[in-house]
Amino acid sequence: MNLNEYQAKAMRTSGEGHDRIENGLMGLMGECGEIVDLLKKHIFQSSIDADLPVDKLEKETGDVLWYCAEFATGMGMKLSEVASYEENYSSCMALRERFMARVSRLCLKRTAISMLSYAVEAYQHFYDRDDLYLTLWSVSRLMALINHLCKTLDMPITHVMEQNIEKLLARYPDGFDPERSMHRPEYQQTT
């Protein structure tokens with residue numbers, strides 16, 4: 001599956017009649033924050049020899065990608081166009097990836113925090129109505145970091161996309177449903 005195929009499948013679970021750009025940007029901040037939180041818990045709240053929660057990171061990365069697709073759709077763009085929007089930045093990221101491959105996995109916290117920073121930056125540009133191209137550039141940089149995160153964790157991005165679509169198909173078998181969205185099993189309290 002490529003990025004554009006993923007976008008088409010992912011948008012099956014997006015509601016109608018809302019601002020996809022703003023929803024995408026707000027969602028990016030929330031989901032990137034969840035990645036930061038997972039890393040924080042791993043680094044500071046688990047034992048030294050605990051395994052990195054790659055399965056949870058993969059699911060959250062899929063959610064970040066979903067909001068990138070939502071943003072791209074709102075912009076009237078293909079996800080592959082957003083991912084390649086800033087070619088110079090991507091070239092710099094490729095050099096950075098070679099360097100980062102030599103560094104400990106704990107450098108993931110820098111990547112996760114950068115993802116969150118770019119999500120916040122994108123929303124600020126959008127909210128302040130600065131320039132939609134600056135918003136697009138920030139999301140493009142975030143997508144470069146998604147690739148970096150996937151490579152660092154040896155998680156093929158295609159697998160992340162497939163896992164995310166499987167989760168969404170299970171959650172919304174008939175397409176997006178606001179009631180199912182608000183009353184998901186993971187939100188229900190057990191007594």
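Among contacts in the protein between residues at least 6 apart in sequence, what percentage join residues at least 24 apart? In this predicted model, the share is 79%. The protein has nine helices and zero strands, and 43% of its 191 residues count as buried.

**Overall architecture**
- Read from the N terminus, the elements follow the order α-α-α-α-α-α-α-α-α.
- The accessible surface of the protein amounts to about 10,600 Å², and carbon and sulfur atoms account for 53% of that surface.

**Met161 and its surroundings**
- Met161 lies in helix 8, which spans residues 157-171.
- With a relative accessible area of 2%, Met161 is buried.
- Once neighbours within four places in sequence are set aside, the contacts of Met161 are Met1, Asn2, Leu3, Tyr6 and Leu65.
- Thr61 is 100 residues away from Met161 in sequence, while the C-alpha atoms of these two residues are 8.8 Å apart in space.

**Cysteines and disulfides**
- A disulfide is a covalent bond between the sulfur atoms of two cysteines.
- The count of disulfides in this model is zero.
- For Cys68, the closest cysteine sulfur belongs to Cys32; the two sulfur atoms are 7.4 Å apart, which is too far for a bond, because a disulfide is assigned to a pair of cysteine sulfur atoms within 2.5 Å.
- Cys68 is buried, its relative accessible area being 0%.
- Cys150 is also buried, with a relative accessible area of 3%.

Conventions:
Residues are numbered from 1 along each chain as its sequence is written. This is a predicted model: local features need pLDDT of at least 70, side-chain atom pairs count only at pLDDT 80 or more; totals for chains, interfaces and linings use all residues. Side-chain values use heavy atoms; hydrogens and water are left out. Helices (H or I, at least four residues) and strands (E, at least two) are DSSP runs, numbered from the N terminus. Buried means under 20% relative accessible area, exposed over 50%, partly exposed in between (1.4 Å probe, protein chains only). Contact means heavy atoms within 4.5 Å. Accessible areas come from the Shrake-Rupley method with a 1.4 Å probe; for residues, only the protein chains shown count as cover.
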